[in-house]
Amino acid sequence: MSKSLNFQENINLADYTTFRIGGTARYFVAVKNKEELMEALRFAKNNSLPFFILGGGSNLLVSDSGFNGLAIKMQNESIKMQDDGKKCKIICDAGVLLGKIIIETSRLGYSGAEWGFGIPGTIGGAICGNAGRLGQDISQVVESVTVLDEGLNIKTLSKEECGFGYRSSRFKESKEIILSASLLFIKKEPAEIEAVLNEAKAAVKQALPFPSAGCVFKNYKVKGESDELLKNHPELIERIRGGKIGVGYLIDQCGLKGKQVGGAKIWENHANYIINLGGAKAQDVMALIKMAKEAIKNKYGIEMEEEIRYI
Ligand SMILES: Cc1cc2nc3c(=O)[nH]c(=O)nc-3n(C[C@H](O)[C@H](O)[C@H](O)COP(=O)(O)OP(=O)(O)OC[C@H]3O[C@@H](n4cnc5c(N)ncnc54)[C@H](O)[C@@H]3O)c2cc1C
């Protein structure tokens, strides 16, 4: 076992997720830089342990039986700024909180991520899932992303190489670990920045009073005029916003708002959220997810895709 890194055993992962759900990790380690990350990966390899990367834990559902491997919490938090008065380049580690970048850039009059005010989590997590809100997403400010690949090679990928899509990127599949990112922000009038911040703050104000992992499902992306869902359900045309139909509405139409299993409930105020009323198990959440997927499939004939990730 390493002398420099603190590999802890049987750590409760519920304490590291916003859902406050999940069993223990056999090993847990927090890493502050790439050397520590590599040491953690060598530990996993030498002990034949699977590993997973934990950012802010705000988009995760951890199994009740926990994780029989090594959880690696990204705590690399360096930020460098290059500001030329018109644009501001931020080179930040993956473990930096998205909120910190938003506050800092907005304060200096730079725009690019203020829509994300209130989204919990790290830059690494935001890039992995291409976090977004108000029709915008993090890919818009990404210039490049530096990763550690499976062979422990460090490489820098251009924005195009990141394969960003709606709540997706290559990192969801690639097993590459995001080390840092270069983000580009543009100078704007303070009033313009303030207006978007206020919109985001309004969304935060309606924030739920219970633990959750944000939206459970991706919204439904309309597939143009030939879309089968709209052919069969023309009443949904008026629900299209930015090319998508909110699945919260669809879940609501299936009569599932407020549906409860154990300590988990489909939130009455927004049916795309599942909340932990206290003591919820991952299996309670899974039961609600299955119920919602089946109901939507039966009523609308579409498959819903999860936005949250399972551990
Ligand atoms: C109240 C609330 C509101 C939310 N609102 C929004 C919203 O408006 N829009 C939105 O998009 N999301 C929202 N979310 C979901 C969540 O906050 C975001 O998806 C966030 O970007 C996840 O970041 P994280 O650091 O917490 O990632 P985690 O949950 O820790 O991880 C998510 C995934 O990213 C991977 N990952 C994390 N860091 C790295 C890394 N360095 N390298 C490689 N992979 C990595 C993890 O392995 C995991 O697969 C909300 C969540 C909550 C609880």
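Which element gives the largest share of the shell around the ligand? The answer is α3, with five residues. The model is predicted: local features need pLDDT of at least 70, side-chain atom pairs count only at pLDDT 80 or more, and totals for chains, interfaces and linings use all residues. Residue numbers start from 1 along each chain as its sequence is written.

The chain as a whole has eight helices and 20 strands. Its C-alpha atoms fill a box of roughly 60 × 50 × 35 Å along the principal axes. A compact globule of 311 residues would have a radius of gyration near 19 Å, and the 20 Å of the chain agrees with this; the radius is taken over C-alpha atoms, and the globule rule is 2.2 Å times the number of residues to the power 0.38. Of the 311 residues, 40% count as buried, that is, with 20 or more other C-beta atoms, placed from the backbone, within 10 Å of their own C-beta atom.

The domain assignment, which is of automatic or database origin, gives domain 1 (8-74), domain 2 (79-205) and domain 3 (220-310). The centres of domain 1 and domain 2, taken over C-alpha atoms, are separated by 23 Å. Eleven residues from domain 1 and 13 residues from domain 2 form the contact, for which C-beta atoms placed from the backbone must lie within 7 Å. On the domain 1 side, helix α1 (residues 34-46) gives the most, with four residues.

The ligand shell lies between domain 1 and domain 2 because both give residues to it. Of its 32 residues, Gly55, Gly121, Gly124, Gly125 and Gly214 come nearest; a residue is near if its C-beta atom, placed from the backbone, lies within 6 Å of the molecule. Two or more residues come from each of β3 (51-54), α3 (123-129), β9 (132-133) and β13.

Strand β13 (residues 177-187) also pairs with β7 in the antiparallel sense, over seven bridges, where pairing requires at least two DSSP bridges. Within this pair, Lys89 has Leu184 in β13 as its bridge partner. Strand β7 (residues 87-93) is likewise antiparallel to β6 (residues 79-83), to which five bridges join it. Here Asp83 has Cys88 in β7 as its bridge partner. Three residues stand between the strands of this hairpin, in which Gly85 takes a positive phi near 90°.

Technical notes:
Two residues are in contact if their C-beta atoms, placed from the backbone, lie within 7 Å. A residue is buried if 20 or more other C-beta atoms lie within 10 Å of its own, exposed if 12 or fewer, and partly exposed in between; C-beta atoms are placed from the backbone.
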